[in-house]
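Please report on the salt bridges, the nonpolar core and the helix packing in this structure.

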Amino acid sequence: MTSRYRSSEGSQGLNSPSPRRRTVVKAAAATAVLAGPLAAALPARAATDAPAFLHGVASGDPLPDGILLWTRVTPTSAAIPGSGLGPDTEVSWTVAKDKAFTTIVSKGSLTATAASDHTVKADIRGLEPATDYWFRFSAGGTDSPVARTRTAPAANAAVAGLRFGVVTCANWEAGYFSSYRHLAARGDLDAWLHLGDYIYEYKSGEYAARGTVVRPHSPANEIITLADYRTRHGKYKTDPDLQALHHKAPVVAIWDDHEFADNAWSGGAVNHTEGAEGTWTARQAAAKQAYFEWMPVRPAIEGTTYRRLRFGKLADLSLLDLRSFRSQQASTASGTVDDPNRTITGRAQLDWLKAGLKASDTTWRLVGNSVMIAPFVIGSLTADLLKPLAKLLDLPQDGIGVNTDQWDGYTDDRRELLAHLRSNAIGNTVFLTGDIHMSWANDVPVDAGTYPLSASAATEFVITSVTSDNLDDIVKVPEGTVSAIAAPLIQIANRHVHWVDTDRHGYGVLDITADRAQMDYYVLSDRTNANATSSWARSYRTRTGTQKVERTYDPV
């Protein structure tokens with residue numbers, strides 16, 4: 001496989017927006033754990049109790065000398081995700097420099113138990129930087145699939161280029177994960193970034209593809225308990241396209257709200273009814289436990305996903321957790337968007353982010369950011385577009401021009417962060433964002449009201465959803481119809497927005513060199529078709545030192 005780390009120092013290369021809350025909650029769904037729905041989370045298997053690796057393997061959070069490896073073993077036919085059943089099972093892992101495993105560099109074993117839903121993670125160290133490796137797991141004479149992974153460059157390496165896939169918002173019931181398949185087929189990714197909503201919590205039928213379930217969730221109920229979250233994660237990990245991408249490159253993931261519940265904040269969520277669905281504290285704890293069991297994520301601080309990775313001298317990547325510490329979204333009861341006592345990051349995380357950006361000595365400072373930071377007002381949309389857009393963004397239907405779940409709802413944190421970038425002359429900061437089910441290319445102005453005179457402190461690339469409904473889906477009109485009308489009006493009211501596509505599904509490919517950071521936007525032919533094709537739509541870049549987005553007319 002061709003190396004994507006193009007070293008200039010010779011040997012260095014070897015060393016939802018989503019539907020509003022329903023008003024009636026069936027409390028019984030909070031505790032129902034039935035054998036049928038649980039079993040539906042697994043593909044068919046032979047009538048044997050030999051261990052099996054039905055959920056593939058994965059790797060994540062690459063370091064110069066290490067990688068985090070993950071798998072889930074099914075030790076017996078009864079030990080399905082969320083069941084709490086199954087014996088302790090020894091799982092061995094092997095890492096090699098070649099796909100045939102003739103040059104083994106690391107091996108060991110772990111014990112998979114019901115207490116961790118028979119998932120295991122091996123944090124491998126002692127590897128060489130900027131190097132491809134292959135790995136597999138084994139249990140009871142059964143081998144897992146073989147997967148490729150890749151370590152990060154050495155911290156001081158002069159790396160000439162990096163390439164990342166970028167995805168977000170993958171709703172199982174709304175379609176197939178063809179975006180993952182097309183990224184896996186590229187063969188040129190150093191890693192891929194998942195910017196949140198890796199799973200969705202809704203009950204079956206509540207949030208589908210224009211109201212139609214393409215393929216049903218498991219369990220069918222809204223996920224609330226630890227068993228529920230484990231079962232839903234297990235269902236996702238049976239998807240062949242998702243497995244294929246995990247088998248080709250390491251993932252770097254953060255969560256957003258749907259790994260918990262719609263519009264989650266530190267003390268609750270829109271999609272949580274205290275009492276009828278238990279306590280938020282218990283539900284949040286269950287969701288986090290299942291996430292860390294099922295995802296190859298190495299948390300820097302236990303119970304959060306904010307952490308920082310470095311890719312040589314070219315880029316570092318600050319990953320944010322914008323759900324665990326945030327104040328409740330602004331309303332009459334919870335305060336205004338400008339209230340300085342409200343926060344989206346929490347004090348400790350914002351201080352950590354500011355300090356890291358200031359201390360960074362890399363060419364680029366990337367920020368994995370689950371909700372849009374660039375300001376956005378609706379502007380003069382027609383009534384027939386205003387109401388669907390408000391629904392998509394969870395806005396009040398009376399036309400208020402701000403999405404309070406985004407950074408727009410926490411303006412004091414945003415002002416502090418952007419002022420920090422400007423006052424310390426911190427350039428080349430690029431926010432990589434998901435959540436909104438649309439594609440955007442934005443400057444991030446210090447003051448949107450006086451832009452462009454106020455200048456831009458950073459830039460932002462927002463990636464559309466893999467499958468979750470976007471604006472044309474809500475209106476139920478042909479793809480492109482809404483964007484043709486809405487996009488120009490959005491840009492007139494938001495001069496820092498260089499491009500917005502409100503209608504299509506897909507993924508991004510971020511390519512970084514010393515001269516520019518470029519996002520290529522790709523779209524799918526049909527999210528409801530398991531064999532959907534992919535095509536390039538647009539590309540935007542930020543040239544070094546500019547803090548501005550510009551269009552470019554060819555993908556990398």
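## Salt bridges

A network of salt bridges links Arg163, Arg186, Asp188, Asp511 and Arg516. The model is a predicted one. In total, 35 salt bridges are counted.

Lys97 and Glu128 form one of the pairs, with N and O 3.1 Å apart. The two residues sit 31 places apart and link distant parts of the chain. Lys97 lies in the loop between strand 3 (89-96) and strand 4 (104-112). Glu128 lies in the loop between strand 5 (119-124) and strand 6 (132-139). Lys97 is partly exposed, at 35% relative accessible area. Glu128 is partly exposed too, at 31%.

## Two further pairs

Which residue does Asp190 pair with in a salt bridge? The partner is Arg150, and the closest N and O atoms are 3.7 Å apart. This pair also joins distant parts of the chain, 40 residues apart. Asp190 is in the loop between helix 2 and strand 10 (191-194), while Arg150 belongs to strand 8 (residues 147-150). Are these two residues buried or exposed? Asp190 has a relative accessible area of 0%, so it is buried. Arg150 is at 2%, so it is buried as well. The cut-off for buried is under 20%.

Asp123 and Arg125 make another salt bridge, with 3.3 Å between the closest N and O atoms. Here Asp123 is partly exposed, with a relative accessible area of 37%. Arg125 is also partly exposed, at 43%. Side chains of opposite charge can pair when their charged atoms come close.

## The largest nonpolar core

The largest nonpolar core holds 40 residues. Phe177, Tyr180 and Trp192 have the most contacts inside it. Helix 5 gives the most, with 6 residues.

Setting aside neighbours within four places in sequence, Tyr180 is in contact with Val167, Ala170, Trp192 and His194, among others. Its contacts also include Asp241, Leu242, Leu245 and Val466.

## Helix 6

Helix 6 (residues 347-359) has 13 residues. From first C-alpha to last, helix 6 reaches 18 Å, close to the 18 Å expected at 1.5 Å a residue. Which residues of helix 6 are buried? They are Gln349, Leu350, Leu353, Lys354, Gly356 and Leu357. These residues lie on the same side of helix 6, because they cover an arc of only 165 degrees around the axis. An α-helix has 3.6 residues a turn, so residues three or four places apart point the same way.

On the other side of helix 6, Ala348, Lys358 and Ala359 are exposed. What do the buried residues of helix 6 pack against? Their partners include three strands: strand 12 (307-311), strand 13 (315-319) and strand 14 (364-369). Helix 8 (411-423) and strand 15 (429-433) are packed against as well.

## Ala493 and Ile378

Ala493 is found in helix 10 (residues 481-493). At 31% relative accessibility, Ala493 is partly exposed. How far apart are Ala493 and Ile378 in sequence and in space? In sequence, 115 residues separate Ala493 from Ile378. In space, their C-alpha atoms are 7.1 Å apart.

How values were computed
Residues numbered from 1 in each chain as written. Predicted model: local features only at pLDDT ≥ 70, side-chain atom pairs only at ≥ 80, totals over all residues. Heavy atoms only, no water. Helix = DSSP H or I, 4+ residues; strand = E, 2+ residues; numbered from the N terminus. Expected span 1.5 Å × (residues − 1). Buried < 20%, exposed > 50% of the residue type's maximum accessible area, 1.4 Å probe, protein only. Arc of directions from axis to C-beta. Contact = heavy atoms within 4.5 Å. Core = buried A, V, L, I, M, F, W, Y, C linked by side-chain atoms within 4.5 Å. Salt bridge = Lys/Arg side-chain N within 4 Å of Asp/Glu carboxyl O.
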